[in-house]
Amino acid sequence: MAKYESVIGLEVHIELRTKTKIFCDCPADHGGDPNTRCCPVCMGMPGTLPVLNKEVVNFAVRAGMMLGCEIAHFSKMDRKNYFYPDLPKAYQISQLDHPLCEHGYVDIEVNGEKSRIGITRIHIEEDAGKLVHTESGSGADCNRCGVPLIEIVSEPDIRTAAQAKAYLERLRELVRWCGVSDCQMELGSMRCDVNLSVRPVGDPNLYTRAEIKNLNSLKSVVGAINAEKARQIDETQAGHTLLQETRRYDPEKDKTYTMRVKENANDYRYFPDPDLVPIILTDEDHARLRAMLPDLPEERLAKYTGEFGLPAATAQTLCDNPALANLFSAAAESVKQKKLLANLMLADARAAEIPAEVWAVLANLVDSGKISRSAPEKLLAAYRETGREIPALVQELGLEQVQDTGLLESVADEVIAANPKAVADYKAGKEAAIKALMGQIMKRMKGSANPQEATQILKEKLAKL
Amino acid sequence: MEYTKMNIAELSALLQKREVSARELAQDALRAIAEKDARIGAYLTVAEETALAQADAADAMLKNGEGGALTGIPFAMKDNITTKGVRTTCASKMLEHWLPVYDACVTERLKAAGAVMLGKTNMDEFAMGSSTENSALQVTRNPAAPDHVPGGSSGGSAAAVAADECVFAIGSDTGGSIRQPASFCGVVGMKPTYGTVSRYGLVAYASSFDQIGPLTKTVADNAKVLEAISCHDRRDSTSLPEFDTKYSALIGKDLTGMRIGLPKEYFGAGIHPDVARLVKNAADTLAKQGAEIEECSLPAVGYALPAYYVLCCAEASSNLARFDGIRYGFRAEGIENLDQLYRKTRTQGFGREVRRRILLGNYVLSAGYYDAYYKKAQQARTLLIGAFKELFAKYDLLLTPVAPTPAYKIGEKSADPMEMALGDICTVPVNLGGLPAISVPCGTSAQNGAELPVGFQLIGPAFSEAKIYQAAAAYESAQ
């Protein structure tokens with residue numbers, strides 16, 4: 001009996017986290033009572049017109065660049081026509097033949113075996129609304145209408161459920177990394193359709209495929225692939241002809257079921273949307289968007305532990321939070337002591353709220369000894385409250401450390417003279433005794449002494465005794 | 001006193017001098033409508049209350065010295081342009097009771113200018129037609145000959161201006177829907193350059209062709225109204241970012257050196273001899289004003305009609321898909337499932353012509369036919385745009401008939417959609433090219449015992465409105 005392999009391509013829909021919807025000014029985030037986040041435009045009222053949100057294009061292009069795509073110079077929006085109660089205009093504005101991004105890839109590794117999964121295209125489109133069924137009848141909630149989506153279509157390069165899972169995980173990581181979506185499958189901001197056919201191992205041809213729609217977890221993707229592969233092999237071996245059809249997966253029964261066969265499929269009557277103008281992206285636009293891209297996660301990790309000399313755990317903690325890592329990278333450009341900067345940032349639970357310049361200023365002030373290691377906490381609190389510049393706050397709060405060596409020396413002399421017991425203990429080998437002396441110096445100087453410098457001077461004086 | 005017989009310039013002078021108030025003008029116009037409209041049928045909705053409120057607001061503006069050219073001037077709005085709180089039907093059963101929640105850009109502009117909206121005018125359903133006979137709601141008669149059609153689709157707007165039931169009216173033109181009824185009713189109608197008047201709030205028929213424009217009693221009035229409604233609007237992606245809106249600037253300047261071409265294809269078979277004669281007379285008048293008139297040729301115009309019908313039906317099939325009975329408008333009774341809801345609602349809610357064009361549009365866009373129809377038609381459109389461009393390298397303007405014939409009798413052509421479509425042959429090339437063109441009255445033709453108005457058309461390159469108005473005004477003043 002022949003051995004079979006599955007040939008799999010994935011279509012992934014991801015919600016972009018732009019502030020507003022793709023064609024109007026309504027907020028794009030989740031939540032709200034039904035039909036409270038919509039306007040005449042996204043509800044498709046007669047006479048309204050779409051206006052493309054440029055940020056959607058920027059986000060999609062960033063995702064495309066992150067996934068190694070070629071970015072279009074000319075792109076356009078098309079109408080996909082079909083009737084459904086959650087689609088107010090009875091057409092979805094999408095892209096047919098000039099997607100924003102094409103020919104990308106995602107590299108994966110499964111059980112030590114590396115492979116490259118091609119990305120055919122990435123296009124932008126609007127989400128539909130959602131139907132709400134109640135006892136008194138069905139209603140349409142238009143809050144989701146016009147939420148921006150990217151659809152990422154892979155080549156049929158995937159052979160196993162494990163590869164599909166690895167592809168989706170890596171895709172999610174990269175898209176999150178460039179900051180355009182949170183890709184939360186359980187919340188529906190990332191959804192997956194599986195296209196799958198089977199063939200005898202070694203046969204290069206492609207056979208009739210089935211599309212399994214709307215999978216909303218990695219687990220259901222894996223389950224659907226295994227179930228559908230088994231079904232197709234069974235059908236083929238039983239001598240049945242497979243139909244090109246759309247199926248759904250029931251995770252409880254672990255089976256796929258027919259939704260519709262191709263003969264009954266919609267003819268979407270695509271054509272260019274005459275209400276929108278073509279999207280033109282110049283070389284300068286490409287360069288500007290590319291400059292905004294972060295390094296790849298592993299490149300960044302390597303940079304943090306290598307060039308920056310951060311401990312592995314610190315680097316990893318930063319990289320686990322792309323927004324924080326972006327902030328750190330930006331601040332690190334003007335800070336010499338990267339580790340000090342990282343520690344300062346990781347000590348603050350809401351570090352991402354503070355601009356990179358502020359972090360850089362704080363780290364450099366600590367590094368130069370102008371303020372103490374504990375001053376940033378006070379300064380950040382004051383900054384959050386007032387929004388004033390850090391140097392002004394340092395003055396105001398009297399956090400500047402004294403580096404007047406002459407003053408330090410005379411205070412050290414006084415302290416030594418006034419504390420013979422501690423001095424004797426230190427000379428007898430009790431190193432901890434120096435802390436008591438340091439405490440006295442700090443007390444006399446009301447905390448304004450630079451501890452490193454004070455310790456240094458104290459030690460020198462004690463050594464000479 | 002019937003103030004609505006007067007033009008904008010005259011009335012504006014009276015208003016500025018406070019010899020008449022905006023409220024008196026509005027009341028006078030409402031009286032004219034009450035007297036005449038049962039016979040003409042121009043209005044679908046008379047918005048008496050809002051008209052008087054707007055008139056009072058206009059009087060306040062005038063009192064404060066804030067009035068402009070249109071402040072206090074009563075006008076009529078075509079019923080496919082949204083007016084917040086005033087029903088907007090598109091002359092369709094589908095939207096018979098629809099109250100828009102927002103104003104169209106043009107509605108906002110006219111409100112801001114202090115113009116006073118009297119009501120909403122009849123039209124062919126969703127602007128599909130050339131006689132206003134496709135209105136699902138009422139018949140409109142040609143004021144010059146009441147058993148004749150007013151033209152269409154802006155037939156109500158043209159009839160309202162011609163019958164002095166308003167001072168000016170707003171129409172929309174997808175394939176001639178301002179110019180042809182202007183010609184049939186004997187008023188001035190302008191279809192401006194595509195992108196110079198926002199389509200926001202214009203219920204779309206064919207988005208890449210639709211353009212709003214004014215219907216007026218005089219050329220100068222027309223330029224004034226266009227100046228008020230033309231602007232960039234960020235809510236319409238096809239609204240152009242920057243252009244000159246001083247449309248009146250050249251009115252009164254003589255035509256010396258202006259080159260006007262007469263494309264011979266517009267004067268061929270099918271053109272009524274009276275129409276050809278009257279348009280040629282107009283050419284002679286323009287020549288006397290200093291214009292250089294020369295016959296020329298635009299062979300590509302032969303592709304215009306089929307290309308137009310393919311493209312506008314394709315766009316319409318998609319634009320009108322939203323009328324599905326789910327969220328607003330008509331919904332059929334006795335529905336058992338979703339498929340039936342769509343099928344019955346759309347079959348009962350749309351008239352024959354609308355359904356015909358939706359079917360045609362869906363056909364040309366369907367898998368396997370797209371390349372043969374839609375794509376070919378786009379290529380023809382590109383070809384025609386190029387041909388116009390070549391001609392405009394030689395000529396400032398082109399002079400043609402507006403319609404092959406004067407107005408016909410109600411019911412005369414409505415049974416034959418093909419014959420009706422042929423009536424658009426002189427006007428659709430302009431929409432394919434996105435060009436500005438005006439219809440100006442140039443005499444009458446004695447038909448069926450009536451004197452039927454005839455207009456000529458002046459076509460210019462994009463943004464040549466000022467020059468078009470210059471030539472049209474020169475013709476008008478020579479009468």
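Two residues are in contact if their C-beta atoms, placed from the backbone, lie within 7 Å. The exercises below apply to a predicted model.

**Exercise 1.** Determine what share of the contacts in chain B with a separation of 6 or more comes from residues 24 or more positions apart, and decide whether the radius of gyration of chain B agrees or disagrees with that of a compact globule.

*Solution.* Begin with the contacts: in chain B, among those with a separation of 6 or more, 77% join residues 24 or more positions apart. Next, take the extent of the chain, whose C-alpha atoms fill a box of roughly 65 × 50 × 50 Å along the principal axes. A compact globule of 479 residues would have a radius of gyration near 23 Å, and because chain B has 21 Å, the two agree. Finally, turn to burial, where 62% of the 479 residues in chain B are buried.

**Exercise 2.** Work out which helices of chain B give two or more residues to the side that touches chain A, and how the residues of that side divide by type.

*Solution.* Start from the contact itself, which takes 32 residues from chain B and 24 residues from chain A. The elements of chain B that give two or more residues to this side are helix 9 (304–319), helix 10 (338–349) and helix 11 (352–365), and helix 9 gives the most, with 3 residues. By type, the side of chain B that touches chain A divides into 15 nonpolar, 9 polar and 8 charged residues.

Definitions and conventions
Residues numbered from 1 in each chain as written. Chains lettered and ligands numbered in written order. Predicted model: local features only at pLDDT ≥ 70, side-chain atom pairs only at ≥ 80, totals over all residues. Rg over C-alpha atoms; globule rule 2.2 N^0.38 Å. Buried ≥ 20, exposed ≤ 12 C-beta atoms within 10 Å, placed from the backbone. Helix = DSSP H or I, 4+ residues; strand = E, 2+ residues; numbered from the N terminus. Nonpolar A, V, L, I, M, F, W, Y, C, P; charged D, E, K, R; others polar.
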